[in-house]
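Here is a briefing on two ligand sites. Look at the model first, then read the points below.

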Amino acid sequence: MNENAPVCGRKPGLAVEIAGLRLKNPVMPASGTFGYGQEYAPFFDLDELGAIVTKGLSLHPKAGNPTPRIAETTSGMLNAIGLQNVGVDVFIREKMPFLRQFRTPVIVNFFGNSLEEYGEMARRLSDLPEVAAAELNISCPNVKKGGIVFGTDPLAAAEVVSLVRRHMDKPLIVKLTPNVTDITIMARAVEEAGADAICCINTLTGMAVDVRRRSPRLANLTGGLSGPAIRPVAVRMVYQVVQSVKVPVIGVGGITCAEDALEFLIVGARAVQVGTANFVDPRAMPGIVAGLEDYCRTQGVDDINEVIGSLRVS
Amino acid sequence: MNENAPVCGRKPGLAVEIAGLRLKNPVMPASGTFGYGQEYAPFFDLDELGAIVTKGLSLHPKAGNPTPRIAETTSGMLNAIGLQNVGVDVFIREKMPFLRQFRTPVIVNFFGNSLEEYGEMARRLSDLPEVAAAELNISCPNVKKGGIVFGTDPLAAAEVVSLVRRHMDKPLIVKLTPNVTDITIMARAVEEAGADAICCINTLTGMAVDVRRRSPRLANLTGGLSGPAIRPVAVRMVYQVVQSVKVPVIGVGGITCAEDALEFLIVGARAVQVGTANFVDPRAMPGIVAGLEDYCRTQGVDDINEVIGSLRVS
Amino acid sequence: MQNFHTSIISNLELSPGYFRMRILAPGFVATAKPGQFVMVRIGNGLEPLLRRPFGIFRTGFLPADCQGLPDKEYVEILYKVVGSGTALLRDLHRGDRVELLGPLGNGFDMQPAAEQILVGGGIGLVPLYMLARQLVKTGRVRLLMGGRCRDDILAVTEFERLGVATYVSTDDGSLGEEGLVTDVLRRKLEKFPGAAIYACGPMPMLRAVHDLCSAHRAPLQVSLEAFMACGVGACLGCVVKGAGHSEADPHYLCTCKEGPVFRSEQLEWDKLEAGHEDCGCEEERA
Amino acid sequence: MQNFHTSIISNLELSPGYFRMRILAPGFVATAKPGQFVMVRIGNGLEPLLRRPFGIFRTGFLPADCQGLPDKEYVEILYKVVGSGTALLRDLHRGDRVELLGPLGNGFDMQPAAEQILVGGGIGLVPLYMLARQLVKTGRVRLLMGGRCRDDILAVTEFERLGVATYVSTDDGSLGEEGLVTDVLRRKLEKFPGAAIYACGPMPMLRAVHDLCSAHRAPLQVSLEAFMACGVGACLGCVVKGAGHSEADPHYLCTCKEGPVFRSEQLEWDKLEAGHEDCGCEEERA
Ligand SMILES: Cc1cc2nc3c(=O)[nH]c(=O)nc-3n(C[C@H](O)[C@H](O)[C@H](O)COP(=O)(O)OP(=O)(O)OC[C@H]3O[C@@H](n4cnc5c(N)ncnc54)[C@H](O)[C@@H]3O)c2cc1C
Ligand SMILES: Cc1cc2nc3c(=O)[nH]c(=O)nc-3n(C[C@H](O)[C@H](O)[C@H](O)COP(=O)(O)OP(=O)(O)OC[C@H]3O[C@@H](n4cnc5c(N)ncnc54)[C@H](O)[C@@H]3O)c2cc1C
Ligand SMILES: Cc1cc2nc3c(=O)[nH]c(=O)nc-3n(C[C@H](O)[C@H](O)[C@H](O)COP(=O)(O)O)c2cc1C
Ligand SMILES: Cc1cc2nc3c(=O)[nH]c(=O)nc-3n(C[C@H](O)[C@H](O)[C@H](O)COP(=O)(O)O)c2cc1C
Ligand code: FES
Ligand code: FES
């Protein structure tokens with residue numbers, strides 16, 4: 001608390017552990033904003049990250065939504081990519097070799113278009129030694145069939161998580177949607193069903209209109225709102241989830257700088273993901289890692305784990 | 001659509017009708033951001049507004065939450081005022097006489113701390129000839145007992161709306177919270193229970209942390225997020241509600257200028273409310289009225305009602 | 001009270017981190033009262049969203065020869081760079097546009113005392129200058145000015161030019177007496193019973209001033225800060241606990257409308273949130 | 001490809017609403033290829049949030065005497081003010097900081113044709129200049145430049161200085177021939193069978209150019225625009241429908257990474273969204 005405190009000479013520890021996975025720092029990209037890693041490699045050494053999280057993968061390649069798919073809003077953006085991805089086979093063949101060069105753990109985000117596909121994906125990912133953990137997306141608002149019902153109904157969510165759990169021997173992170181009345185019910189449901197960690201939040205469903213043309217600015221009509229605009233909602237939900245489950249929580253939503261990341265860590269997130277900010281500044285993540293280190297130094301903190309969950313509520 | 005269209009000489013019609021109430025234009029303040037009207041009277045003639053909406057009133061004066069009650073976030077603000085208000089008696093005695101000078105209809109926003117209080121408030125407001133319509137707040141996230149359960153549960157909401165309806169012979173607007181999984185279920189529930197119009201959205205629950213002190217920035221821990229940040233969520237919900245009910249919808253959430261207001265009108269809102277923007281610019285509302293008129297002229301529209309619900313979905 | 005679309009006349013650094021900005025403000029010379037404030041909209045976008053409140057340091061007329069401007073009344077604010085909004089303010093230049101809402105709030109109630117004592121802590125000095133300008137007409141005025149170090153001591157010569165006796169103290173002794181401004185106040189209260197006190201500064205300092213004044217039965221007015229959204233009494237965001245406040249029977253006062261200046265006895269001192277200082281360190285002072 | 005924290009050298013209005021901005025960009029002279037673009041971050045706040053894509057008009061070295069700057073390579077962009085971001089760009093001055101990401105995307109694939117025809121619609125002229133600079137070395141280059149009125153006709157003399165033959169047409173006849181740029185193109189295609197065509201401009205114009213070129217079996221490359229978030233192929237926001245695209249078997253190409261220049265036959269012309277013109281009126285053209 002004292003900004004005049006003597007700056008501690010030792011390098012503060014930034015390593016955190018999530019479901020048995022040791023991360024050298026708590027900063028990783030949010031799925032879908034970092035491609036398969038390669039796209040941002042020109043800007044920094046990917047080994048500077050705590051983990052790499054891939055674009056959401058499905059069993060078969062997926063074409064995604066018609067265009068326009070993105071629209072800028074005040075301090076945020078809407079996207080309706082529609083989970084376009086190369087499919088798990090192409091990923092293994094064409095993207096995995098690149099990722100293999102790095103020591104940073106690779107977390108594969110995935111989803112299914114049916115319960116069977118979720119199970120099959122879990123099996124496929126379990127077989128890949130290069131995959132350190134899997135992040136299950138039950139919450140994408142852009143897929144009409146399948147996904148959306150899992151993400152907003154605790155029973156359906158528990159069902160898909162149990163199924164995936166049965167076929168998955170890696171740490172399983174479940175990513176939740178914020179578009180629910182009570183996120184703690186969802187969090188407890190997926191924890192009971194076997195999630196090793198919870199990631200929240202995905203995007204808030206939103207819409208924007210081109211008032212001159214009087215048409216939706218996204219071909220898909222609605223899309224997912226991300227970026228700094230949603231941060232207060234994300235911090236609130238992460239706080240609530242941390243209070244209601246025992247598994248570690250990964251915080252995501254609107255993080256652009258170390259201060260933003262710290263809000264999540266202080267309310268109890270064990271790690272954070274950075275999404276939209278990568279588009280604003282391709283070096284956002286290494287900047288956040290450096291900022292966390294600075295914060296620890298000025299606050300006289302030896303280890304970032306002291307900061308996690310340190311919120312003072314009077 | 002054609003910006004080169006000949007500018008129409010006649011003054012475009014901005015009047016709209018909501019539940020039998022004729023408003024000279026579709027612009028009114030959002031409850032709780034305009035006090036009881038008097039506070040903004042130095043900045044423009046309140047008769048320039050479509051309606052005046054008061055701060056939420058309860059049967060007895062209410063002290064509200066401890067401080068700090070507000071915090072700024074990226075393109076938004078959090079508030080946890082806690083519905084502080086003077087109570088209906090003081091309102092009638094001290095605030096109503098001021099409002100009586102204006103021809104603009106006065107809409108009283110109200111809430112109760114119990115079902116009985118909701119009923120009693122409905123009776124009291126019915127007796128006041130100066131009150132043109134009542135806006136029922138079942139959605140304030142800051143009141144722990146009472147309100148919150150009504151706002152997120154369709155059965156409880158229907159119950160309170162039916163009760164109020166029985167005691168209220170004025171147009172009844174019901175204001176919904178966005179903190180629900182499916183706003184259309186809430187909208188249909190309150191429509192069936194007797195709402196004459198629906199107003200959405202109230203604030204999104206959020207939280208912010210002072211990372212230096214590691215304490216919440218609001219004494220209440222969480223608060224309601226308002227301002228431009230939430231506009232895409234509000235537009236989406238208004239669109240969804242318009243599609244699912246027959247009663248008129250009033251759109252609110254993040255409106256700062258005529259373009260923003262038009263997003264709501266185009267997706268089908270019959271009128272709009274302006275909240276946080278009043279703090280940013282006390283003349284925001286007259287500016288929006290002027291902007292709507294300009295828009296109609298450049299778009300060759302004679303009557304704003306042609307714009308309402310004119311979204312082109314392909 | 002009005003909203004002005006106006007422009008900046010000058011923006012100068014006074015001491016490290018402290019700036020003085022003059023803004024064109026038609027009508028302010030006649031209307032602004034000591035202790036009132038303005039809400040400044042920084043930039044014309046939405047970043048930052050809310051206006052920032054600043055005390056009125058003074059108002060005046062530009063010298064006739066110096067500007068070809070149609071209106072020559074100005075308002076002057078002194079500000080400390082503490083966060084994003086004040087950092088943006090610092091980067092503005094002569095001619096840049098700003099929106100100004102004011103004058104806002106209730107000012108000081110000038111007491112008919114023969115001895116008038118002003119107590120300023122750091123940037124809390126701001127609302128005291130216009131007050132001093134009035135008070136020197138009717139009585140002896142002393143300014144007790146405290147700060148952490150000499151950089152926090154501002155505009156003292158301007159008070160002296162009004163004929164105010166000034167007493168500077170700093171925590172580190174880098175300017176004036178070493179020690180707290182309340183130590184100086186204690187001596188003055190002992191020496192001048194019947195003095196009227198007017199104070200503005202960080203909450204812990206105000207608290208200490210209040211304790212001293214109650215002990216000496218000296219009438220005290222304080223100018224408070226609070227987070228503000230509207231500045232006009234509409235949002236109820238800026239309240240402070242009034243005298244007699246309790247959980248069961250709460251009593252809140254609007255800082256923007258019923259304040260920012262309060263008589264000491266209007267407030268429930270034991271329940272005022274330590275709250276809004278720009279820097280945690282200041283809490284350790286006073 | 002790199003992210004540069006750099007600064008503006010100049011920002012001048014070319015014709016009403018059109019600006020030319022030079023930005024310091026170390027390494028660009030050697031690396032930037034005709035048809036590539038940059039993503040510019042405007043301001044260092046979050047308003048606007050996303051970067052804006054602009055074609056590279058040209059790169060170059062500042063004259064040695066003119067600046068005391070350590071690095072003298074620059075990139076030049078031409079832009080039209082259409083919305084909030086470009087309005088902010090217009091207000092920047094020499095010395096202001098910007099962030100620049102680039103060079104991005106695939107450029108033009110230079111054809112070995114003896115007759116090279118460039119077709120530019122309004123601001124769509126931008127990526128053609130560097131291309132012309134290359135093509136004049138090996139063949140005859142013609143620029144067909146269209147716009148609504150004379151204000152939309154930009155930088156034509158700069159092409160002429162390269163030795164390019166220019167043909168200007170405007171919808172209203174206020175400069176050059178009255179009519180559409182595609183009318184001119186039709187005549188040239190008839191006269192020069194075997195010419196290679198390179199086009200950039202509003203989608204309806206590109207569509208008409210495509211139809212003409214297919215009819216004449218002339219090889220065509222087009223530079224497209226799309227809403228972009230990342231500019232590097234990570235977000236998949238900027239895709240266009242590729243040849244053979246169908247609901248059942250969709251085929252999308254990234255404009256930022258696989259484009260912005262495409263060979264005409266790579267695209268599913270009948271399903272390209274009319275999309276992203278800055279102004280509805282342009283749709284009525286071409
Ligand atoms: C009536 C009044 C008079 C004031 N007079 C002066 C003055 O003359 N000179 C001066 O330097 N400062 C003054 N302040 C404090 C000044 O308003 C804040 O320092 C300023 O708002 C900080 O803005 P920021 O964006 O730099 O800080 P940030 O910390 O980035 O601001 C974030 C939010 O917190 C609010 N905030 C931060 N600090 C304060 C504070 N101390 N009080 C109220 N809100 C705060 C901001 O308004 C904003 O909403 C006054 C405050 C009030 C209420
Ligand atoms: C590869 C590429 C090259 C371009 N080259 C040039 C150029 O050389 N000169 C030039 O003037 N313009 C060029 N544009 C268009 C330019 O990017 C837009 O005009 C600009 O982004 C508009 O920003 P704004 O904030 O002023 O408009 P706003 O309408 O306020 O922007 C809102 C959002 O829409 C996007 N947007 C708006 N118009 C376009 C558009 N036409 N294309 C893509 N996104 C758009 C913005 O990036 C932003 O995300 C190019 C676009 C692309 C994709
Ligand atoms: C363009 C884009 C694509 C996304 N794709 C995915 C995805 O495939 N899977 C997923 O779980 N989340 C996806 N997300 C959501 C992000 O991972 C993240 O949860 C969200 O954007 C909020 O974080 P932010 O505000 O930092 O962007 C996507 C977000 C964006 C903006
Ligand atoms: C300070 C403040 C106080 C509010 N008080 C009330 C209230 O008393 N009753 C109510 O129904 N809504 C209240 N609201 C919600 C607003 O009416 C509105 O629904 C919300 O702020 C979203 O609109 P905006 O983004 O334009 O501010 C309040 C909002 C703010 C910011
Ligand atoms: S700041 Fe809004 S009531 Fe005081
Ligand atoms: S802009 Fe992100 S993939 Fe092209």
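A polar contact here is a pair of N or O atoms within 3.5 Å; within protein, one must be able to donate a hydrogen and the other to accept it, and residues adjacent in sequence count only if both atoms are side-chain atoms. The model is predicted: local features need pLDDT of at least 70, side-chain atom pairs count only at pLDDT 80 or more, and totals for chains, interfaces and linings use all residues, while side-chain values use heavy atoms, with hydrogens and water left out. Residues are numbered from 1 along each chain as its sequence is written, and chains are lettered from A and ligands numbered from 1 in the order in which they are written.

- Ligand 3 has 24 residues around it (a residue counts if one of its heavy atoms lies within 4 Å).
- A:Ser31, A:Lys175, A:Gly227, A:Gly254 and A:Thr276 come nearest.
- Chains A and D both supply residues around ligand 3, so the site is shared between chains.
- The side chain of A:Asn109 places an N or O atom 3.0 Å from an oxygen atom of ligand 3.
- A polar side-chain atom of A:Lys55 sits 3.2 Å from an oxygen atom of ligand 3.
- The protein buries 98% of the 610 Å² that ligand 3 exposes when taken alone (Shrake-Rupley method, 1.4 Å probe).
- By class, the shell around ligand 3 holds 7 nonpolar, 15 polar and 2 charged residues (nonpolar: Ala, Val, Leu, Ile, Met, Phe, Trp, Tyr, Cys and Pro; charged: Asp, Glu, Lys and Arg; polar: the others, Gly among them).

**Ligand 2: contacts and cover**

- D:Glu225 has a side-chain N or O atom 2.7 Å from a nitrogen atom of ligand 2.
- D:Gly55 uses a backbone N or O atom, 2.9 Å from a nitrogen atom of ligand 2.
- D:Gly83 also uses a backbone N or O atom, 3.0 Å from an oxygen atom of ligand 2.
- On its own, ligand 2 has 820 Å² of accessible area, and the protein covers 88% of it.

**Ligand 2: where the shell comes from**

- Of the 23 residues around ligand 2, those that come nearest are D:Arg52, D:Pro53, D:Gly85, D:Thr86 and D:Glu225.
- Residues from chains A and D surround ligand 2, so this site is shared between chains.
- The shell around ligand 2 has 13 nonpolar, 6 polar and 4 charged residues.
- Domain 1 (2–104) and domain 2 (115–224) of chain D both give residues to the shell, so ligand 2 lies between them; the domain bounds come from an automatic or database domain assignment.
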